[in-house]
Amino acid sequence: MDNKSEIYHTSNINWYPGHMAKTRRMLEENIKLVDVVIEILDARIPQSSRNPHFSDIVASKPRLIILNKSDMADSAKTEKWLAFYRKNNIKALCVSCQTGKGVNQIAPEIFELAKDKIEKYSQKGIKKSIKVMIIGIPNVGKSTLINRLVGKAAAKTGDRPGVTLSKQWIRLKDGLELLDTPGILPPKLEDQDAALKLAYTGAIKDEIMETELICYSLLENLIINYPELLIERYKLSEIQGLKGYELLEKIGRKRGCLISGGEVDMSRAANIVLEDFRSLKIGRITLDFAEEYNE
Ligand SMILES: Nc1nc2c(ncn2[C@@H]2O[C@H](COP(=O)(O)OP(=O)(O)O)[C@@H](O)[C@H]2O)c(=O)[nH]1
Ligand SMILES: [Mg+2]
């Protein structure tokens with residue numbers, strides 16, 4: 001962070017520099033205790049929902065990337081991301097914690113990532129669980145994934161008599177334990193393009209930027225990448241070359257978002273479009289493209 005006075009408000013967390021340092025320390029402490037780190041990303045914005053500044057902390061451990069919310073993402077684009085990770089020797093899975101799709105692939109993948117450790121334990125005759133923690137920026141689905149993985153059968157291993165651990169571990173299945181609190185990474189806000197994409201998805205709160213500006217930007221993005229979905233949803237004709245505010249005005253008019261004098265209530269229209277986007281009414285959309293990145 002170059003600007004020390006900068007304060008980031010996201011999901012009620014203020015990422016002031018002291019908080020960043022504390023978060024980093026806590027992550028470092030917790031990561032020492034685990035064998036595998038699961039990093040959850042939003043499948044709609046796999047690059048913008050990462051925090052590359054925090055990747056160095058994870059670098060010492062095997063890592064599994066989970067592209068969550070894949071039910072909302074463009075599946076062809078998700079396939080390209082999976083191919084990209086494969087090419088770069090990064091283990092990645094596409095999952096929907098909402099529907100449960102892909103969740104049962106996670107445990108086998110973790111055992112695969114920890115196979116050296118498992119081999120070492122078995123050679124020494126030690127019976128020890130593989131320990132895992134989940135990290136990610138706010139709103140990517142960390143809690144939902146923990147609930148999915150844990151299900152009903154969960155028992156906190158710390159509750160067993162004789163177990164004195166300062167951390168709470170949840171036994172997932174034989175040989176696998178999960179740290180019950182996820183690591184929350186700060187979102188990548190210094191990159192304006194990433195910050196906007198995080199705002200579209202609602203990962204960062206709208207008060208950071210004006211709702212209308214977020215919406216103009218989203219619409220300009222969709223005009224380029226998903227024009228047919230916009231045309232379909234809002235019964236539009238020609239939209240190529242329109243500015244975000246021009247398109248929002250058209251949509252607002254169609255939707256009857258008018259104020260006295262026949263002008264469009266842009267704020268109301270912007271809320272409708274953002275809500276439509278976030279609730280999948282416009283369609284399955286991905287806004288970061290694997291082709292544009294090289295690890
Ligand atoms: N559509 C969809 N929504 C999801 C999925 N996983 C989580 N969510 C939603 O995303 C929001 C944030 O999830 P949460 O687990 O609280 O995120 P956390 O801040 O990372 O712990 C909640 O409204 C979840 O219901 C998913 O796979 N698909
Ligand atoms: Mg949570």
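1. Of the 295 residues in the protein chain, 36% are buried, and this figure, like the others below, is computed from a predicted model. The chain holds 11 helices and 12 strands. Where residues at least 6 apart in sequence are in contact, 67% of those contacts join residues at least 24 apart.

2. Helix α6, spanning residues 142–150, has K142, L145, I146 and L149 as buried residues. Seen down the axis of α6, these residues fall within an arc of 100°, and they therefore line one face of the helix. This spacing can be read against the geometry of an α-helix, in which 3.6 residues make a turn, so that residues three or four places apart point the same way.

3. The cover over the buried residues of α6 includes the strands β3 (36–42), β4 (63–68), β6 (130–136), β8 (169–173) and β9 (176–179), together with helix α4 (106–113). After α6 comes G151, whose phi is positive, near 60°.

4. A helix pair deserves a separate point: α8 (residues 211–225) packs with α10 (residues 244–254) at an angle of about 95°, the axes being 8 Å apart. At that angle α8 is roughly perpendicular to α10. On the α8 side the contact is made by C215, Y216, S217, L219, E220 and I223, and on the α10 side by G244, Y245, L247 and L248. The residues of this contact divide into 7 nonpolar, 2 polar and 1 charged.

5. Two residues other than glycine have a positive phi and may be checked in the model: N89, with phi near 60°, and K235, with phi near 50°. N89 lies in the loop between α3 (75–87) and β5 (91–94), whereas K235 is found in the loop between α9 (227–234) and α10.

Definitions and conventions. Residues numbered from 1 in each chain as written. Chains lettered and ligands numbered in written order. Predicted model: local features only at pLDDT ≥ 70, side-chain atom pairs only at ≥ 80, totals over all residues. Buried ≥ 20, exposed ≤ 12 C-beta atoms within 10 Å, placed from the backbone. Helix = DSSP H or I, 4+ residues; strand = E, 2+ residues; numbered from the N terminus. Arc of directions from axis to C-beta. Contact = placed C-beta atoms within 7 Å. Axes fitted to C-alpha atoms, helices over the stretch in contact; angles between N-to-C directions. Parallel < 35°, antiparallel > 145°, perpendicular 65-115°, else oblique. Nonpolar A, V, L, I, M, F, W, Y, C, P; charged D, E, K, R; others polar.
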